[in-house]
Amino acid sequence: MPPKNFVFVMEQTLGNAVHASNLRKAFEGEKSVNIKWLDINYPPETRLDKIPPFRSNWTFGSGLKARRALSSLHSRPDLYFFHTAIPSIFSVGKTKGVPTVMSLDATPINYDTVAEAYNHKRGSNLSERLKLALHKRTFRSAKQFVVWSRWVKKSLVEDYGVPAARIEVIPPGTDLSLWKLTPEELAVRYNKPAGTPVRILFVGGDFKRKGGDLLLEAYRQIFSSETPTELHLVTKAELDSEPDKSIFIHRGITANSPEIQKLFREADIFVLPTEGDCLPMVLGEAMAASLPIISTRVGAIDEVVLEGENGLLIKPKDKDGLVNALNSLIKNPELRQKMGQRGREIAEADHDSTRNSQRLLEMCKAVAMKI
């Protein structure tokens with residue numbers, strides 16, 4: 001049987017760009033399908049993109065870009081795959097007659113619940129009604145949905161009327177081999193000599209939204225010579241140099257690089273007190289590295305960080321809650337070990353990118369075969 005021809009239209013913002021890169025890697029050498037990748041970024045490019053409401057609306061601007069990209073194709077594929085909904089809204093006519101799979105990290109209504117943290121403002125009533133109508137139309141045209149979390153599935157069913165049977169939850173996953181510690185490395189982590197600092201790791205390019213400011217305040221409150229600690233901050237933000245010698249700022253570190261892997265291996269606690277997120281992919285990396293996690297109850301995070309099992313959850317902007325959570329883990333190495341081991345178990349069961357990518361590809365092939 002000749003290979004099927006698929007077109008993957010991939011939004012390239014924040015964690016979605018990492019997801020797109022991971023899928024490309026997972027599908028390298030795949031013989032059963034030929035995949036054409038269309039990457040959709042969003043800075044304004046054409047005069048039309050700069051006209052309201054397109055200039056100020058990410059959805060409309062990206063939707064136009066995707067439509068133009070599809071118009072440049074010379075032949076019809078066997079399947080279209082869109083990640084996310086944003087690039088798809090003006091492409092229903094272009095994809096007519098070809099089965100479509102829609103991949104979502106969040107629905108537009110999901111995103112509105114965390115939009116304040118992203119400094120995203122809702123458009124006018126007219127543009128918001130138009131956006132809702134366009135998304136409902138687009139969702140009706142999709143044969144199948146793959147979503148990152150139950151949070152997204154619930155919104156598709158309740159807010160957009162998508163039948164639950166057409167929705168499969170497949171988390172984006174993590175390359176577990178990159179983050180796995182050897183037994184010797186784990187032994188070093190769990191058997192530190194007295195007086196060795198407990199290392200706290202934060203990774204977040206958008207420092208404020210990810211809770212970096214809150215973490216700095218909480219850390220300065222809990223720091224004491226009785227419990228030696230270090231705080232390692234990985235960020236793109238321009239932060240002032242820290243006079244506190246126990247605070248280390250790491251800049252210019254890229255995803256999956258040896259430098260970031262080393263920081264995860266040497267850490268004892270991973271902290272992401274984010275003010276707004278859908279499902280941060282970095283949490284999968286922390287679990288894969290056998291680290292206990294402190295994070296917040298926003299988006300779908302509570303589907304990954306299970307309270308009391310592989311981490312602790314606080315409310316956004318809750319400094320006292322963060323101080324208490326930090327103290328709980330800093331002073332209890334046995335709890336850190338237990339939570340870290342449980343996190344690795346969850347990662348292996350539900351967040352293996354190789355296995356999850358193959359699940360996604362097999363689903364796409366099954367949808368393509370139905371026509």
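A residue is called buried when its relative accessible area is under 20%, exposed when over 50%, and partly exposed in between, with a 1.4 Å probe and only protein chains considered. The model described here is predicted, so local features need pLDDT of at least 70 and side-chain atom pairs count only at pLDDT 80 or more, whereas totals for chains, interfaces and linings use all residues. Residues are numbered from 1 along each chain as its sequence is written, and side-chain values use heavy atoms, with hydrogens and water left out.

The chain contains 14 helices and 12 strands; these are DSSP runs numbered from the N terminus, helices being H or I with at least four residues and strands being E with at least two. The radius of gyration of the chain, taken over C-alpha atoms, is 22 Å, close to the 21 Å that the globule rule (2.2 Å times the number of residues to the power 0.38) gives for 371 residues, so the chain is as compact as a globular protein of that length. The C-alpha trace spans about 65 × 50 × 35 Å along its principal axes. Of the 371 residues, 53% are buried.

Some backbone features lie in loops. H83 and T84 are joined by a cis peptide bond with an omega of about 15 degrees, and T84 is placed in the loop between β3 (79-83) and α3 (92-95). S290 is not a glycine, yet its phi is positive, about 60 degrees. This residue belongs to the loop between α11 (282-288) and β11 (293-296) and is buried, at 7% relative accessibility. K317, also not a glycine, has a positive phi of about 65 degrees. The loop that holds K317 runs between β12 (311-314) and α12 (319-330), and K317 is exposed, with a relative accessible area of 57%.

Side chains of opposite charge can pair when their charged atoms come close. The structure holds 21 salt bridges, each defined as a side-chain nitrogen of Lys or Arg within 4 Å of a carboxyl oxygen of Asp or Glu. One of them joins R209 and D277, with an N to O distance of 3.3 Å. R209 lies in the loop between β7 (198-203) and α9 (212-222), and D277 in the loop between β10 (269-272) and α11, so this pair ties together parts that are 68 residues apart in sequence. Both R209 and D277 are buried. D277 also forms a salt bridge with K210, the closest N and O atoms being 3.0 Å apart. K210 lies in the loop between β7 and α9, so its pairing with D277 links parts that are 67 residues apart in sequence. Both D277 and K210 are buried.

Another salt bridge, between R344 and E348, has an N to O distance of 2.9 Å. Both residues lie in helix α13 (residues 333-350), four residues apart, about one turn of the helix. R344 is buried at 11% relative accessibility, whereas E348 is partly exposed at 37%. Salt bridges that share partners also join R199, E230, K262 and E266 into one network.

On the surface, R67, K94, K136, R137 and R140 gather in a patch of positive charge. Patch residues have over 30% relative accessible area and no salt bridge, and like charges are joined within 9 Å. Helix α5 (residues 125-141) gives the most to this patch, with three residues. R137 is found in helix α5 and is partly exposed, with a relative accessible area of 39%.

Methods. Patches are made of residues with over 30% relative accessible area and no salt bridge: like charges are joined within 9 Å, nonpolar side chains (Val, Leu, Ile, Met, Phe, Trp, Tyr) within 5 Å. Accessible areas come from the Shrake-Rupley method with a 1.4 Å probe; for residues, only the protein chains shown count as cover. Lys and Arg count as positive and Asp and Glu as negative; His and the chain ends are not counted. The place of a charge is taken as NZ of Lys, CZ of Arg, CG of Asp or CD of Glu.
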